[in-house]
Amino acid sequence: MSQEPLVRWDWIARNWANGGPTAISALLENHIVMAFLPVLFGLVVALPLGLACVRWRWLYQPTAAVMNVTYSLPSLVLFSIFLSVTGLTRSTVVIPLTFFALAVLVPAVVDGLASVPDPVRQSAVAMGFRPVRRLLRVELPVAVPVVLAGLRVATVSSISLVSVGALIGQGGLGNLFIDGWQRQFYTPIVVGIALIVLLAVLADGLLVLAQRLLTPWSRARRAA
Amino acid sequence: MNFLFGFFGDASRWSGPDGIPVRLLEHLEFSAAAFLIAALVAVPLGMLIGHTGRGALLVVVAANAARALPTLGLLVLVVLLAGVGTVLPVLIPLVVLAIPPILVNTYEGVRGVDADLRDAAYGMGLRGRQVLFRTLTPVALPLILLGLRLAAIQVVSTATVAAFVGLGGLGRFIIDGLATKTYESVIGGAVLVAGLALAVQFAFVLLDRVVVSPGVRQVR
């Protein structure tokens with residue numbers, strides 16, 4: 001055991017794409033799907049929910065309280081509760097992670113819309129923007145940096161949390177941790193950690209890039 | 001609901017070395033130890049960095065990277081490398097995961113204090129260290145507490161996962177239940193951990209009420 005190297009490259013080469021369901025590439029693909037679906041669903045639900053919280057202020061306190069409680073629940077707890085409802089499917093991981101994404105994204109949407117300066121809103125009204133067009137053309141674009149900051153946190157945590165799902169048999173790359181533990185074999189564990197961190201850094205970088213593309217005015221202002 | 005009665009109604013669950021009270025106590029012990037170590041490292045460091053402004057970039061980058069680290073992988077790797085004999089190896093990943101939220105929030109809290117306030121403190125003749133402890137710390141306290149709360153919740157959750165590598169605590173009910181397909185144990189354990197996490201959350205809300213100066217709270 002003591003001579004066992006931390007990484008055995010030949011193992012990686014043999015198991016990268018061996019065609020089976022436990023091939024590293026298959027786990028990676030699974031991991032990506034299970035990590036991104038919750039963020040996508042979360043965003044789709046958080047936008048209208050956040051808008052509603054801004055429109056009807058009294059909604060925000062109770063919503064924030066529910067989000068806070070959800071966020072404090074350990075992922076394994078939600079996974080095991082959903083296990084008795086949705087069984088051994090991807091949903092058992094995707095649904096709880098959607099709740100976690102929501103808990104980050106709803107406050108981000110609300111804060112983002114609140115960050116729109118009042119003069120900007122009033123100018124839009126004065127220029128004749130109707131509420132819906134004002135929202136789509138003025139308020140949401142100005143809110144992009146804050147919403148994207150939330151999206152980055154949600155994405156990175158989601159990518160990392162999927163691996164806990166391995167304990168209930170649906171963990172994407174997390175399955176490598178279980179495999180390595182059971183066989184006292186370092187390589188799968190190191191590969192799993194490295195790929196997850198790489199995936200998170202990559203996704204984070206893409207979101208930063210998206211922010212640059214979506215808010216060209218912030219760069220123009222800095223250059224001026 | 002039948003699950004819950006089956007779990008909590010069983011008298012044998014409430015005594016012995018794998019009873020609920022013992023597991024709860026174990027869970028609290030590991031969590032408290034890891035949390036205290038992390039706080040002792042991260043709070044002073046965060047205050048120092050926030051006050052002097054040195055090494056700030058490093059902290060932010062490292063903390064972001066730490067968020068991506070998968071808990072389970074880190075846990076399994078550290079315990080395999082260090083051996084299962086003692087509790088100590090399990091504490092390492094817990095501490096590693098608890099430090100970033102405390103460090104970042106303490107740093108942001110101290111750095112974010114109104115510059116006028118800082119200048120006023122110097123103007124009144126306070127020295128560097130006095131400014132830090134008498135002015136900056138009380139004003140930054142809400143954010144420092146937020147960081148501590150996030151870390152505490154993180155530790156309590158991760159300690160659950162740590163049952164997988166042989167640690168005691170409430171996670172045992174979940175992990176053992178999954179292994180033996182005893183779902184009442186899984187659900188019972190999940191409910192216990194959820195209750196503990198909410199209790200931690202609530203304790204920090206209370207702490208916030210007690211230690212944050214009323215003046216600071218008003219401004220918020």
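A crossing of two helices is termed left-handed if the near helix is turned anticlockwise from the far one by less than a right angle, and right-handed if clockwise. The views below come from a predicted model, in which local features need pLDDT of at least 70, side-chain atom pairs count only at pLDDT 80 or more, and totals for chains, interfaces and linings use all residues. Residues are numbered from 1 along each chain as its sequence is written, while chains are lettered from A and ligands numbered from 1 in the order in which they are written.

**View 1. Crossing of helices H3 and H5 in chain A.** H3(A) passes H5(A) in a left-handed crossing. The axes of H3 (residues 60-72) and H5 (residues 91-114) come within 9 Å and cross at roughly 145 degrees; axes are lines fitted to C-alpha atoms, for helices over the stretch in contact, with angles from 0 to 180 degrees between N-to-C directions. On the H3(A) side the contact is made by A:Tyr60, A:Thr63, A:Ala64, A:Met67, A:Thr70 and A:Tyr71. H5(A) contributes A:Phe99, A:Phe100, A:Leu102, A:Ala103, A:Val106, A:Pro107 and A:Val110. Residues are in contact if their C-beta atoms, placed from the backbone, lie within 7 Å. By class, eleven of these residues are nonpolar, two polar and none charged (nonpolar: Ala, Val, Leu, Ile, Met, Phe, Trp, Tyr, Cys and Pro; charged: Asp, Glu, Lys and Arg; polar: the others, Gly among them).

**View 2. The fold of chain A.** Chain A holds ten helices and zero strands, where helices (H or I, at least four residues) and strands (E, at least two) are DSSP runs numbered from the N terminus. Its C-alpha trace spans about 70 × 45 × 30 Å along the principal axes. Buried residues make up 42% of the 224 residues in chain A; a residue is buried if 20 or more other C-beta atoms lie within 10 Å of its own, exposed if 12 or fewer, and partly exposed in between.

**View 3. The loop residue A:Gln184.** A:Gln184 lies in the loop between helix H8 (174-183) and helix H9 (186-214) of chain A. Its phi is near 50 degrees, a positive value in a residue other than glycine. A:Gln184 is exposed because 9 other C-beta atoms lie within 10 Å.

**View 4. A:Ser218 in helix H10 of chain A.** Helix H10 covers residues 216-223 and includes A:Ser218. This serine counts as partly exposed because it has 13 C-beta neighbours inside 10 Å. A:Ser218 and A:Pro145 are 73 residues apart in sequence and 9.7 Å apart in space, C-alpha to C-alpha.

**View 5. The side of chain B that touches chain A.** Here 30 residues of chain B are in contact with 34 residues of chain A. Helices H3 (56-68), H4 (71-82), H7 (128-161), H8 (171-180) and H9 (183-211) of chain B each supply at least two residues of this side. H9(B) gives the most, with nine residues. By class, this side of chain B has 24 nonpolar, five polar and one charged residues.

**View 6. B:Ala38 in the largest nonpolar core.** Of the 126 residues in this core, A:Leu105, B:Ala38, B:Val76 and B:Ala98 touch the most other members. A nonpolar core is a set of buried Ala, Val, Leu, Ile, Met, Phe, Trp, Tyr and Cys residues joined through C-beta atoms within 7 Å. Leaving aside neighbours within four places in sequence, B:Ala38 is in contact with B:Val95, B:Ala98, B:Ile99, B:Ile102 and B:Ala151.

Terms used:
Two residues are in contact if their C-beta atoms, placed from the backbone, lie within 7 Å.
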